[in-house]
There are 2 protein chains.
Amino acid sequence: MIKFELMTNYSSDTEGKILEAAKKVFIEKGLEGTRMQEIANEAKINKALLHYYYRTKEKLFNAVFQFAITRFIPHIEGIFNSDKNFFEILEAIIEQYITLISKNPFIPIFVLHEINRHPDRLADIIKSAGIQPKILIEKIEKEVEKGTIRPVSALNLIVNIISLCVFPFAARPLIQRLLFDNDKHAYTTFIQSRKTEVTSFIINAIKI
Amino acid sequence: MIKFELMTNYSSDTEGKILEAAKKVFIEKGLEGTRMQEIANEAKINKALLHYYYRTKEKLFNAVFQFAITRFIPHIEGIFNSDKNFFEILEAIIEQYITLISKNPFIPIFVLHEINRHPDRLADIIKSAGIQPKILIEKIEKEVEKGTIRPVSALNLIVNIISLCVFPFAARPLIQRLLFDNDKHAYTTFIQSRKTEVTSFIINAIKI
DNA sequence: ATTTAGTTTAACCAAACGGTTAAAATTAAA
DNA sequence: TTTAATTTTAACCGTTTGGTTAAACTAAAT
């Protein structure tokens, strides 16, 4: 809830408890699959208290969605501002990406579904997340010119990287059941192995 | 609606109209985002008529979901039973896959979201779709033994193929907006180009 | 001790929802 | 033309849903 900074606040961390409960339920069930009562139960508070802190379901959802975006888009500026060569940059991006999603494995399907339902939400995302595909595009094109890598289309390569990192999370139940006989541990081990597997797969695909 | 085969049927194709309307709405909005009234409007019939043909929302949804599965999983038996070599098989699978999803581009996010909500639905899927990953796994492992391709993990390769084919559809609004300035035509052209791009990407990644 | 502001609750509300019912309309057969 | 079966409709119903209200409670400031 928006407050003046000097305003007294003698509640326990109810607002935080609500947001945590909302994250859990919304990310699992989506906007339309979520009941305000369930969030209240999860936070162990009265339902009216939800509306006291976040006036509407939509406002509470927006808070969760904005959080989800930060766990969906990796920040790769730091990687670019290092003395890594292109292959090392790729390796770092992929490892960071899979690590990020591993910490919140239900985020991809949640974000993709909600964007699909209301593509207009993208406007906020682009502002708040400050995504810059240009940097990566130009880097790839420069490497192609230099002859370090095959003449691949930059956009295709970017989409390939994201696909290989994100899709296995969005398709978790399918993959776990069909390829790992519903063995949860086998699936998570597989995901972790992909940090190196995906990296070498991509590098083999583009190196001369 | 289930009927005895000899039973007279003097309606126009109301049942078909309902199913088509249900496909459109359910696949766009998901089970929980769909209102029975909206399906009735789409089919230009009375809402009670929905319940006359498909007794409950869930039964109607199941009909749509089962259809969606057939448009999500490609049938690759024919490709295997040809005299193609491994790379030609890969090429055929990828082209068939992207072509299949192109015809129903909203199916992936719909299916993935609904499976995520209710993983138990997978039981029906596996039965009705008769998926056989073993065939592909054994084929890949045999090629590795023969030395035709690098020693890649079969499961990783399979997940990579599916990821590269399916993810760009699930992430359409993101990709179209971020990489193609919301140009619909540029996006669809890009998708079509991937039939060959993904094929050569994968072949480069695994060939010796 | 009283006032003031912020917090929490129980009870309530109107709208929307999936689903039902009984009657009317249509169709094909007798 | 009557009959029987199927199809379609309008009106209705109980429940669930997001949201409100007014009162009770708590804690700090005067």
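Please keep in mind that the model is predicted.

**Salt bridges**
- Side chains of opposite charge can pair when their charged atoms come close.
- The count over all chains comes to 12 salt bridges.
- In the pair described above, Arg117(A) counts as buried, at 12% relative accessibility, whereas Glu32(A) is partly exposed, at 23%.
- Lys24(A) and Glu42(A) form a salt bridge through their side chains (3.0 Å, N to O).
- That pair links distant parts of the chain, 18 residues apart: Lys24(A) is in helix α1 (residues 14-33) of chain A and Glu42(A) in helix α2 (residues 36-43) of chain A.
- In chain B, a salt bridge joins the side chains of Lys29(B) and Glu38(B) (3.0 Å, N to O).
- Lys29(B) is buried, with a relative accessible area of 19%, while Glu38(B) is partly exposed at 29%.

**Surface charge**
- A patch of negative charge on the surface brings together Asp83(A), Glu88(A), Glu91(A) and Glu95(A).
- Asp83(A) sits in the loop between α5 (77-80) and α6 (86-103) of chain A, and is exposed, with a relative accessible area of 77%.

**Cysteines**
- Over all chains, the count of disulfides is 0.
- Cys165(A) is in no disulfide, because its nearest cysteine sulfur, that of Cys165(B), is 17 Å away and a disulfide needs the sulfur atoms within 2.5 Å.
- Cys165(A) is buried, with a relative accessible area of 1%.

Note on methods: Residues numbered from 1 in each chain as written. Chains lettered and ligands numbered in written order. Predicted model: local features only at pLDDT ≥ 70, side-chain atom pairs only at ≥ 80, totals over all residues. Heavy atoms only, no water. Patch = residues over 30% accessible without salt bridge, like charges linked within 9 Å, V, L, I, M, F, W, Y side chains within 5 Å. Areas by Shrake-Rupley, 256 points an atom, 1.4 Å probe, with all protein chains shown as cover. Salt bridge = Lys/Arg side-chain N within 4 Å of Asp/Glu carboxyl O. Lys, Arg positive; Asp, Glu negative; His and termini not counted. Charge placed at Lys NZ, Arg CZ, Asp CG, Glu CD. Helix = DSSP H or I, 4+ residues; strand = E, 2+ residues; numbered from the N terminus. Buried < 20%, exposed > 50% of the residue type's maximum accessible area, 1.4 Å probe, protein only.
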